[in-house]
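Please read the briefing below alongside the sequence and the coordinates.

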Amino acid sequence: MSRAAGSVAAGGASRVVVVGSGFAGLRLLRRLESLLPASAAELTVVSPVDHLLYTSLMPQVCASSVEPRHLAVATRGALRRTVLRLGRAVAVDTQARTVTVRGNDGTVDELGWDRLVLAPGSVTRTFDIPGVREHAIGLKNLAEAVHLRDHVLRQFERADATADDAGRRALCTFVIVGGGYTGTELAAQMTRFSRRAVANYSRVHAEGVRWVLVDHAPSLLHELAPSLGHRAAEVLTARGVELRLRTSVNEVTERTVRLGQGEHADQHETIDTHTVVWCAGVSPSPLMTNLGLPTTHGRLVVDDCFRVPEVEGLFALGDAAAVPDVTRAGAPAGQTAQHAVRQAVAAARNVAASLGHGTARPYRHRDLGFVVDLGGRDAVANPFGLTLHGLPAVVVTRAYHAYALNNGSNRARVLTDWALDLVIPHQIVQLGFDNGRQPTIDATEQTGIYAGAVSQLPGGGGGR
């Protein structure tokens, strides 16, 4: 292990290390590059990938409406003078002011810092349900999205080759867990994709393909206005999706999923399926609970200027930080891309101010509303509190995503994908990158690397 010598960069410039290149981290760094003179700070970002993944359109990657690489905004292309360190931050020493980085090649290094900004994002929330980590498919990165698309096509191939009706039904049954934005969009997009795909198989028919959407809540999209959730439910039902609301998942196996009724604990339903897609929310990066600092529900406690009160020079934002939302009486801001992006601009201003450039100001959030693309001519949205559905919502949804991509090249490619999707049939082929092996959620997100990597805090740490 090599150790950084001191925390001051060459020439007396302060060393600013940012953990994470997602919505929060990349936007913050772009802003810092404009706020801080090159002589004032040496900027470094620690990330396991060299891009920001625009996760809001991941369901469309699964459904072949958008090419995977078009959602990847290159870090090196977006940043002019930030040094990229490929790897994951696994520990922070607040006394020595270092962050431990486990590189993608397995090497371990320590970086010194004057300012450390933690924006590592989140991981898939799996709870402690038997079989989820081993048998469910996640949807947090491009590898999982491409795998899911290939997996669905493999099930159709196997169903087309079998003469067993029961086996064919199980192969053509797909269960999505989570009725929030991702799960609802995925169910909507994949029903359209599967209808097109089965036209290539003589023994598999659209009416034999079964999509089931499971959620413990009484309605879909419960974060939005009830009318939008009801509209989304109508669209999914019209496409043949079976909704299992007020329903929990009790167990996932290689060939089944066992469901339970929330109001009737003794009632269970077992569905024969080879496919369970897990979209049941996110949890903060495990790094946060290893810091020895106060957290709430796994999110690092910060003030309204993103500062960690116990450690001078330590900031946090995004999914992994409990940033107070003054519009909700100080309750932690939501774990959404919109929050992360808008926090990044404010946090950059405050980090720069801590180095003597500008003035720090508390974060104030104004909700812009949310959009849910259901594919085709269907969408639901509530921009600035205005409830929309159908074609007007589609226009707003696509316009928002194009704007939020915030990169001209990626924006042009996605817009082209959408245009081509209207006039050219999809290529229904497997890419085969995973050789048919299903990546587990833990292996894909590498959550196990944080075990035992605990930082030290003078005088002990806070609790959860």
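**Helix H10 and its surroundings**

Helix H10 comprises 15 residues, and the distance from its first C-alpha to its last is 21 Å, close to the 21 Å expected at 1.5 Å a residue, where the expected span is 1.5 Å times one less than the number of residues. Helices (H or I, at least four residues) and strands (E, at least two) are DSSP runs, numbered from the N terminus. The model is predicted, so that local features need pLDDT of at least 70 and side-chain atom pairs count only at pLDDT 80 or more, while totals for chains, interfaces and linings use all residues. Residues are numbered from 1 along each chain as its sequence is written, and side-chain values use heavy atoms, with hydrogens and water left out.

- The buried residues of H10 are Ala 393, Val 394, Thr 397, His 401, Ala 402, Ala 404 and Leu 405; buried means under 20% relative accessible area, exposed over 50%, and partly exposed in between (1.4 Å probe, protein chains only).
- These buried residues of H10 pack against H1, strand E4 (72-74), strand E24 (371-373), strand E25 (379-381), strand E26 (388-389) and helix H11 (408-423), contact being defined as heavy atoms within 4.5 Å.
- H10 is followed by Asn 406, whose phi is positive, near 55°.

**The cavity**

- A search of the whole structure finds 1 cavity of 30 Å³ or more; on a 1 Å grid over the protein atoms alone, a cavity is a set of points where a 1.4 Å probe fits but cannot get out, whereas a pocket is an open set with protein on both sides within 12 Å along at least five of seven lines, and lining residues have an atom within 4 Å of a point.
- The volume of the largest cavity is about 100 Å³, a volume being the space filled by probe spheres set on grid points that are joined across faces, edges and corners.
- Its lining is made up of Phe 23, Leu 26, Arg 27, Arg 30, Leu 52, Tyr 54, Val 73, Val 341, Ala 404, Leu 405 and Asn 406, and the elements that give two or more residues to this lining are helix H1 (23-35) and helix H10 (391-405).
- H1 gives the most to the lining of the largest cavity, with 4 residues.
- By class, the lining of the largest cavity holds 8 nonpolar, 1 polar and 2 charged residues, where Ala, Val, Leu, Ile, Met, Phe, Trp, Tyr, Cys and Pro count as nonpolar, Asp, Glu, Lys and Arg as charged, and the others, Gly among them, as polar.

**The second largest pocket and helix H11**

- The second largest pocket holds about 420 Å³ of space, and of the 19 residues that line it, Ser 64, Glu 67, Arg 149, His 426 and Gln 427 lie nearest its centre.
- Helix H2 (58-62), helix H5 (142-161) and H11 each supply at least two residues of this lining, which divides into 11 nonpolar, 4 polar and 4 charged residues.
- Thr 416 lies in helix H11 and is partly exposed, with a relative accessible area of 41%.
- Thr 416 and Val 66 are 350 residues apart in sequence, yet their C-alpha atoms are 9.0 Å apart in space.

**Enclosed elements**

- Strand E1 (residues 14-19) has 6 of its 6 residues buried, so it is largely enclosed by the rest of the structure.
- Both faces of E1 are covered, with Ser 14, Val 16 and Val 18 buried on one side and Arg 15, Val 17 and Val 19 buried on the other.
- E1 pairs with strand E2 (residues 41-47) in the parallel sense over 6 bridges, and the bridge partner of Val 19 in E2 is Val 46; two strands pair if DSSP finds at least two bridges between them.
- In helix H7 (residues 181-197), 14 of the 17 residues are buried, so this helix is also largely enclosed by the rest of the structure.

- An open sheet is formed by 3 strands in the order E18-E19-E21, with mixed pairing.
- Strand E18 (295-296) and strand E21 (321-322) stand at the edges, each with a single partner strand, so one side of each is left without a neighbour in the sheet.
- E18 and strand E19 (residues 299-301) run antiparallel and are joined by 2 bridges, and Thr 295 has Leu 300 as its bridge partner in E19.
- His 297, in the loop between E18 and E19, has a positive phi of about 55° although it is not a glycine, and is exposed, with a relative accessible area of 71%.
- Phe 306, in the loop between E19 and strand E20 (314-316), has a positive phi near 75° and counts as buried at 0% relative accessibility.
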